[in-house]
Amino acid sequence: MRTTHAVGATAALATLAMLTAGIPSATAAPDDRGDRVSSTRPIAKDSSTARAAVAAARSNDTATLVGDEQKLVVTGALLDSNGATHVRMRRTYDGLRVVGGDLVVHRTGTGAFTGSSQTLQKRLDLSSTPALSATSALRSLGTSAARATKPELVVDATSATPRLTWLVTTGGTQKDGTPSRLDRYVDARSGKVLRSEERIQTVDGDGDSLYGGTVPLQLTQSGSSYQLKDPTRGNTYTTDMNNGTDSLLCQIFSAGCKSGTMFSSSDTHFGTGNNSSRESAAVDAQYGTDTTWDYYKTTFGRNGIFGNGNGSYNRVHYGQNYVNAFWDGTKMTYGDGDGVSYGPLTSLDVAGHEMSHGVTENSANLTYSGESGGLNEATSDIFGTMVEFYAANASDPGDYLIGEEFDLKKHVGFRRMDKPSSDGSSYDCWSVTAGQADVHYSSGIGNHFFYLLAEGSGAKTINGISHNSPTCNGSTIAGIGRTASAAIWYRALTVYMTSGTTYSGARTATLNAAKDLYGTGSSQYAAVGAAWSAVSVS
């Protein structure tokens, strides 16, 4: 006999989420105490503060590298409790979009310009007239041009030397069955493909089955049935893809994508806790989005992935024997695994990982290639892990292993943060080759940093799981705890990082965040610097 649960369980968490959450301060030097930040909230992109920041960017062009041929568009703005503001912008050059041209202008409460965060390294000074036609750019891509979008002329400023390029997006399928939406940048002078960036962001998966035990769900009643759709969290919902996959049109243009069939039931109970019911994986996915939403709202005051209260949705049962999961800019999609080594990839840390790709896309928008791509993946691993600890679910206690719940044979997952190289491919320490590595492997540098910052070096047991984290320079690190570490990373992501931030830039960004939150004389500030040095980032 089924046990039924009331629709819309306790509202206590939702009420708590309406409060602005401050980050606890810590001991710091008294000379900078008045500048510490206890809370941050978004402000309107068209506010007078945002317009003043644009003017400040132009009047401080030595720092911001804004020239007369450029236009600035505000994409987001934040106000700190101490009155300081941080306004994020994108720029155009002679009417062309500048990829990697985003910047954040920082000003005090009195309006004084204190600096900017940006990827652009030198002033733009290049012709905006291509020597290569759009047709020739397509021809340089060979057979994949048949699955390409119309080329867009842009300035690619993600490297030290900005170049005029044709941006072409091609569709297809990756080796493991994941849809592909690949951005390729073709030099508008030589026709050389300079770089490519995969827009479908994935988690390399292993897997287990269904993981969270009995969990609360908020449902939507529709007539006499109940939908797996949460009206308290932006109407986030979960659908069944019935083992279908996306069309080429969806892969290239993000158009005509299958949404799947929304799960509904005649009563308020979903799933059986095993794979005999297709609802069970859906429960895990919905629970994961609910918990991730609550983590960001309660901890940082962020209202959903997009920061505006709008929800996204989950698709489960994607493809046949598909051992992966991905975020594509609007939704999370989960495969069922192969049923032998891996179960459905709907574990809590992976749900938090995928949703955090959305948070990154709607803040720093870290480019998904090179070192910034490694930081993008590390950000998702960091916050996916924090969501797991936040949930405090006895069926899936927090640890620094990623995906261990759906790993049917080894139960260790596909990545671990205390010693990333345990998987045989990930980086423990930064080296000059990090920017050429697969982003899932270069993410190890950021993951290792975060673990050391939060937990410290050496051996320890966390919720029954053994962890042991050595340092790259032989130093001993004392951790500052997960709460402070996550606060520092989130502020660095949303206030200081930009699309092309490297690991060296991430060091600067997190030191700035630690200074804002705890002061330059604090143990937290010192620990950030020490932890980066411990993974060879200077």
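User: Glad to be looking at this with you! At what angle do helix 6 and helix 10 pack?

Analyst: Welcome! This is a predicted model, and in it helix 6 covers residues 279-300 while helix 10 covers residues 482-496. Their axes lie 12 Å apart, and the packing angle is about 90°. Angles of 65 to 115 degrees count as roughly perpendicular, so helix 6 is, relative to helix 10, roughly perpendicular.

User: Which residues of helix 10 make that contact, and how many of the contact residues are nonpolar, polar or charged?

Analyst: On the helix 6 side, the contact is made by Tyr295, Tyr296 and Phe300. Helix 10 contributes Ala486, Ala487 and Tyr490. Sorted by class, the contact between the two helices has no polar and no charged residues, and the nonpolar residues number 6.

User: Is helix 8 largely enclosed or open, and which residue follows it?

Analyst: Helix 8 runs over residues 370-391 and has 22 residues. From first C-alpha to last it reaches 32 Å, close to the expected 32 Å. Of its 22 residues, 19 are buried, so helix 8 is largely enclosed by the rest of the structure. The residue that follows helix 8 has a positive phi, near 50°, and it is Ala392.

User: How many residues of helix 7 are buried?

Analyst: Helix 7 spans residues 348-361, which gives 14 residues, and it reaches 20 Å from its first C-alpha to its last, close to the 20 Å expected. The rest of the structure largely encloses helix 7, because the number of its 14 residues that are buried is 13.

User: Let's turn to a loop. Is Thr110 buried or exposed?

Analyst: Thr110 sits in the loop between strand 5 (103-107) and strand 6 (113-118). Exposed means over 50% relative accessible area. Thr110 has 77% relative accessibility, so it counts as exposed.

User: What does the side chain of Thr110 contact, and how far is Thr110 from Val155 in space?

Analyst: The Thr110 side chain makes a polar contact, at 2.9 Å, with the side chain of Thr108. Val155 is 45 residues from Thr110 in sequence. In space, C-alpha to C-alpha, the two are apart by 35 Å.

User: And Thr85: buried or exposed, and which residues does it touch?

Analyst: Thr85 belongs to strand 3, residues 85-93. Buried means under 20% relative accessible area, and Thr85, at 4%, therefore counts as buried. Leaving out residues up to four places away in sequence, Thr85 touches Thr49, Leu78, Leu79, Val105, His106 and Arg107.

Definitions and conventions:
Residues are numbered from 1 along each chain as its sequence is written. This is a predicted model: local features need pLDDT of at least 70, side-chain atom pairs count only at pLDDT 80 or more; totals for chains, interfaces and linings use all residues. Side-chain values use heavy atoms; hydrogens and water are left out. Axes are lines fitted to C-alpha atoms, for helices over the stretch in contact, and angles run from 0 to 180 degrees between N-to-C directions. Helices (H or I, at least four residues) and strands (E, at least two) are DSSP runs, numbered from the N terminus. Angles under 35 degrees count as roughly parallel, over 145 as roughly antiparallel, 65 to 115 as roughly perpendicular and the rest as oblique. Contact means heavy atoms within 4.5 Å. Ala, Val, Leu, Ile, Met, Phe, Trp, Tyr, Cys and Pro count as nonpolar, Asp, Glu, Lys and Arg as charged, and the others, Gly among them, as polar. The expected span of a helix is 1.5 Å times one less than its number of residues. Buried means under 20% relative accessible area, exposed over 50%, partly exposed in between (1.4 Å probe, protein chains only). A polar contact is a pair of N or O atoms within 3.5 Å; within protein, one must be able to donate a hydrogen and the other to accept it, and residues adjacent in sequence count only if both atoms are side-chain atoms.
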